[in-house]
Amino acid sequence: MMAEPVREVPARQGKRRGDGWAAARYLAPTLLLLLGLLGYPLYQLVLISLYDYGQEQASGGAPLEFLGLGNYQQLFGDPQFWTVLVQTVGFAAVCVVGTLFVGGALAMLASRVRAVPRMILFLAALGAWATPAVAGSTVWMFLFDTDFGLVNEVLVGLGFDGMANYSWTYDKFVAFGLVAAQVIWCSFPFVMVTLYAGIIAIPKEILEAAALDGASTARTVRMVILPLLRPLLVIVTIQSIIWDFKLFTQIYVMTGGGGVAGNNLVLNVYAYQKAFAASEYGMGSAIGVVMTVLLLVVTGVYLRALRRSGEPL
């Protein structure tokens, strides 16, 4: 009886395994660093959320009391939490859509203008991006100040007499709109630079073929450019969702800590008020855990939908 021949692993399959192990070895130090920088703080956040942890417990004046899911039950039973959650989701959605629209439109503009206007556009955009959030928010508040703001003076000069001494932060939705405009202003450069890099990487032959077929500019963008930019759009969308959902500085600075009677609270400011203003560190940590879970769920659902549609990631 002849011995059964030994089946050899195809060279390509072996190469893939070797490349996978090599990639894992290169990424291992980074993964360990991220585990230490992110894993341990997240572990502490979850741990504190399970206790009645206030100022007395933090100073050692009272023992810790294990509540289990008590903080979460109290949080989910609070109508204010659900109001703030809806406001956060709506506000983040407006910021994300606005950032993608402005950044994408300016990326298209930058790809079509000459070198000097393009350089001016990029310098202006990078200036907005490099401005610290506190400084940018403060400048916007000066511009929209009730008594001395430049915007009100210009509007009154144009004939809008009702804008004299108008408060942009008194009304709930106007205040949210003002903050959203500031967030879009400081966020669109990242989207613009990323998408511009993708646009100029598209082979000119593809765009020329679309033009020869009689496709308009709008149809070329919709049917050719956007599908080719889908991987980059995934990146900038997820980044924008994470940044805008956990927004704190702009809301806190421009609305004075959450607006009139807390009308402009978002989850991050709400967690800050619970943890530091009310010294309920356990409750503030519970809000932080809920925010983290929501972001992971949204990101996971978005990526899964793209994979089902067959788009490369």
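**Aromatic pairs**

Modeller: This is a predicted model. Y40 and Y43 both sit in helix 1 (residues 11-49), 3 residues apart, which is about one turn of the helix.

Colleague: How many aromatic pairs does a search of the whole structure find?

Modeller: The search finds 19 aromatic pairs. Y40 and Y43 form one that is tilted.

Colleague: Why is the pair of Y40 and Y43 called tilted?

Modeller: The ring centres of Y40 and Y43 are 6.3 Å apart, with 40° between the planes. A pair needs centres within 6.5 Å, and stacked needs under 30 degrees and edge-to-face over 60, so the label is tilted.

Colleague: Is Y40 buried or exposed?

Modeller: Y40 has 52% relative accessibility. Exposed means over 50%, so Y40 counts as exposed. Y43, at 48%, counts as partly exposed.

Colleague: What makes W129 and F190 a tilted pair?

Modeller: Their centres lie 5.9 Å apart and their planes are at 55°.

Colleague: Which parts does the pair of W129 and F190 tie together?

Modeller: W129 lies in helix 5 (residues 115-130) and F190 in helix 8 (residues 172-200), so the pair ties together parts 61 residues apart in sequence.

Colleague: Which residues do ring pairs link into a cluster?

Modeller: Y53, F248, Y252, Y272, F276 and Y281 are linked in this way.

Terms used:
Residues are numbered from 1 along each chain as its sequence is written. This is a predicted model: local features need pLDDT of at least 70, side-chain atom pairs count only at pLDDT 80 or more; totals for chains, interfaces and linings use all residues. Side-chain values use heavy atoms; hydrogens and water are left out. Rings of Phe, Tyr and Trp (its six-membered ring) pair if their centres lie within 6.5 Å; planes under 30 degrees apart count as stacked, over 60 as edge-to-face and the rest as tilted. Helices (H or I, at least four residues) and strands (E, at least two) are DSSP runs, numbered from the N terminus. Buried means under 20% relative accessible area, exposed over 50%, partly exposed in between (1.4 Å probe, protein chains only).
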